[in-house]
Amino acid sequence: MIGTLTMNQKERDRLKVLTQIQQNELTVALAAENLQLSERQLYRLLNRYHKHGDAGLVHRLRGRPSNRAYDETEKIKAVRLYRERYHDYGPTLFSEVLVDEHALTVAPETLRRWLMAASLWAGSRRKRPHRRHRERRTAIGSLVQFDGSPHDWFEGRGPDCTLLVAIDDASNRVFLRFAESENTREVFFALRAYFERFGLPRAFYTDRGGVFYGEDQPTEYQRAMKALGVNTIFAHSPQAKGRVERSNRTHQDRLIKALRRHNISHIAAANRFLEQTYHAEHNRDFAQLDGLPDLHRSIDGIDLTNILCFETRRQVRNDYTITLDAQYLQLERGDAPLPPPKREVLVRRWLDDSLHLFWNEHELKYKILSSKPIPQTATTPRRPAADHPWRRRPVGKGLRKSGAS
């Protein structure tokens, strides 16, 4: 029976070599070396060639589905789920969600082929320009990159907010916290939570935003980091802190979709989700902690409350009052000694908005006055009368003169 036989280049090369063996132009050993096969495999090919002719060299699965192919029903289900529920997911994330949510295991590359064949996926993002690579640090806690990512995280279900991201440079381990905005108070809340969980890193790497960097005088962030012994490094461009910028893009894809699946629409619930679920799952997939030393320092003995706060100084008036935010505070006697007038006291506003006054690291008692204190009238010294005995009594030179006479 005459038919059409389709052969690829590798099969055509094998046909040529086997023909040379039959014509005694090549030995089996030399032919096996030429085709990069073992002699045992080459003898198998010779037997199939003798039995079936040229057709014996064609791959026996040609035109048939692979033995490892997915069932057609799985393909139909995956494509249907993508079209109905996950149309903005990438193949890798879609593969993970199929396992977690639908008990369907499909390799990301297979999903990519299925979606492209169904015109549901257009391919990867455009490659960005290459920049000079900076080697990672070699220890956990050696450098932590920190940044805020404002975004519509709840996709209109709730107000816009900011994700504060801390990522370890060596291990890619992340710590996240949602906040209304990237301000000093929220940054301090996030830093305190990070320090209590992991300890103090050697250095923090941030941008030059107003929360972190002060040109003329240090910011509250710089003051707090100096008090904690944490080195501060400031980037000159977004590309300089590329690791945390890329992490932001990842969360703007994966985290947004996770919040959507769990129907989370406000900051408190989102932070609970980060603590209970997302941190562990994300770090399990992306962090590389094995074999890396940890340089974080313990916070034992460190008073984070009096460091991660807002500080200012005020001068004590003669009536032992100070002014703060258009209010008068009266210092009161207590266990700690009162500072003399004209000295400065340290005023700290903690993150819970409570106000605390210190002098020489001793906390002072005070009360808030409802109005401006009435200044005390100066008293003029009383002069003795002209016939006062004190005036008639000889003193000094007069006493010496009377004694001499």
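**Exercises: sheet and cores**

Six strands make an open antiparallel sheet in the order β6-β9-β10-β11-β8-β7. The model is predicted, with local features needing pLDDT of at least 70 and side-chain atom pairs pLDDT 80 or more, while totals for chains, interfaces and linings use all residues. Residues are numbered from 1 along each chain as its sequence is written, and side-chain values use heavy atoms, without hydrogens or water.

**Exercise 1.** Find the edge strands of the sheet, then follow the pairing of β7.

*Solution.* Strands are DSSP runs (E, at least two residues) and helices are runs of H or I (at least four), numbered from the N terminus. Two strands pair if DSSP finds at least two bridges between them. β6 (310–315) and β7 (321–324) each pair on one side only, which makes them the edge strands. β7 pairs with β8 (residues 327–332) in the antiparallel sense over four bridges. Leu-324 has Gln-327 in β8 as its bridge partner.

**Exercise 2.** Describe the largest nonpolar core and the surroundings of Phe-146.

*Solution.* A nonpolar core joins buried Ala, Val, Leu, Ile, Met, Phe, Trp, Tyr and Cys residues through side-chain atoms within 4.5 Å; buried means under 20% relative accessible area (1.4 Å probe, protein chains only). The largest core has 26 residues, of which Phe-146, Leu-191, Phe-195, Phe-204 and Leu-228 touch the most other members. β1 (144–151), β2 (161–168), β3 (174–179), α7 (184–198) and α8 (220–228) each supply at least two residues. α7 gives the most, six. Beyond its neighbours within four places in sequence, Phe-146 has contacts (heavy atoms within 4.5 Å) that include Leu-164, Val-187, Leu-191, Phe-212 and Val-244.

Conventions:
Buried < 20%, exposed > 50% of the residue type's maximum accessible area, 1.4 Å probe, protein only.
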